[in-house]
Structures are given as C-alpha cells and as structure tokens.
Amino acid sequence: MYRITKEFHLSASHQLDHLPADHQCARLHGHNYIVVVELSAETLNDDGFVLDYHDLSPLKHYIDEALDHRHLNDVFGHSKVTSEFLARHFYDWCKQRFPETSSVRVSETPKTWAEYRP
C-alpha cells in the first residue's frame, strides 16, 4: 500500500458553548489548525503517483476561502465544531473529490489532534 500526506494550515475561532461555563473551550477562542490529509493506493497511477500533490490545490482553496480566519460556529451553523467534527468534515469533503483519501488528522495544538479514518 502506498501512502502520501499533505499538510494544510488555517487559523480560526470557535466556541463550544454546550460545555459548562467554566470549561476553557466554552469561551470564544482560536487555534492555528493543521490539517493532514492521507491518501492511499494499492498501485501508482501512470505518472508514478498515488495522486499528484498539486491536484490537492482545491482543498487549499476551500480552506483559504471558506474557513481561514473565520468563526467556525458561523461557518457550520452549530457550536459542536470540535477537532473530531473537523476531521470527519475534511475527510468527507476530500473523499468526494479524491477517492484515494484514507484519513484526515486535525491538530488544534502541537500536542493534540483528532483523526478520522473509516
């Protein structure tokens, strides 16, 4: 199995207002998110790639235009915009466009992340 990954960055705010008021994530706060998309294939394409990294540019465009420097609660219309939610969201978005997508990891900090891998 061949695997490739590509990393994307965005800065955004969110607020998990369904949590107790004294929980740190109940306050409005932001993260410098890192999104890592993994793609897998049993064989390489005719160019010798799982997928050309350049072909992932629509994801960068989506992140930059729709999510970067935004309040994610407003973007998604709810307050449960967790790393887990984002990992699944990015996985679904990518899988529709890049069938080779095998997992997505979303880091909120250098030491914390959530991963969606069906």
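Predicted model: local features only at pLDDT ≥ 70, side-chain atom pairs only at ≥ 80, totals over all residues.
I will start with His-69, which is found in the loop between α1 and α2, where helices (H or I, at least four residues) and strands (E, at least two) are DSSP runs numbered from the N terminus. His-69 is exposed because its relative accessible area is 64%, and the terms here are buried for under 20% relative accessible area, exposed for over 50%, and partly exposed in between, with a 1.4 Å probe and protein chains only. The phi of His-69 is near 55°, a positive value in a residue other than glycine. As background, most residues other than glycine have a negative phi, and most peptide bonds are trans.

Residues are numbered from 1 along each chain as its sequence is written, and side-chain values use heavy atoms, with hydrogens and water left out.

Now the overall layout. The protein has 3 helices and 4 strands, and along the sequence these follow the pattern β-β-α-α-α-β-β. Its C-alpha atoms fill a box of roughly 55 × 25 × 25 Å, taken along the principal axes, and of the 118 residues in the protein, 40% are buried. If we take contact to mean heavy atoms within 4.5 Å, then among the contacts with a separation of 6 or more, 63% come from residues 24 or more positions apart.

Which residues of the largest nonpolar core touch the most other members? In this core of 28 residues, they are Leu-59 and Phe-90, a nonpolar core being a set of buried Ala, Val, Leu, Ile, Met, Phe, Trp, Tyr and Cys residues joined through side-chain atoms within 4.5 Å. At least two residues of this core are supplied by each of β1, β2, α1, α2, α3 and β3, and the largest share, 6 residues, comes from α3. Not counting residues up to four places away in sequence, Phe-90 touches Leu-10, Val-35, Leu-59, Tyr-62, Ile-63, Leu-67, Val-104 and Val-106. In general terms, nonpolar side chains tend to be buried together in soluble globular proteins.

Let me turn to the aromatic rings. A search of the whole structure finds 4 aromatic pairs, where rings of Phe, Tyr and Trp (its six-membered ring) pair if their centres lie within 6.5 Å, and planes under 30 degrees apart count as stacked, over 60 as edge-to-face and the rest as tilted. One of the pairs joins Tyr-62 and Trp-93, which are stacked at 4.9 Å centre to centre with 15° between the planes. Tyr-62 lies in helix α1 and Trp-93 in helix α3, so this pair ties together parts that are 31 residues apart in sequence. Both Tyr-62 and Trp-93 are buried, and together with Phe-90 they form one aromatic cluster. Arg-97 lies over the face of Trp-93, at 3.7 Å from the ring centre; the criterion is that NZ of Lys or CZ of Arg is within 6 Å of the ring centre and within 35 degrees of the ring normal.

Three further residues deserve a look. His-14 is placed in strand β1 (residues 2-14) and counts as buried because its relative accessibility is 1%. Its side chain makes a polar contact with the side chain of His-31 at 3.2 Å, a polar contact being a pair of N or O atoms within 3.5 Å, of which, within protein, one must be able to donate a hydrogen and the other to accept it, while residues adjacent in sequence count only if both atoms are side-chain atoms. Ser-83 lies in α3 (residues 83-97) and counts as buried at 8% relative accessibility. Leaving aside neighbours within four places in sequence, Ser-83 is in contact with Val-106, Glu-108 and Ala-114.

Finally, Leu-51 lies in the loop between β2 and α1 and is buried, with a relative accessible area of 12%. Leu-51 and Phe-98 are 47 residues apart in sequence and 8.5 Å apart in space, C-alpha to C-alpha.
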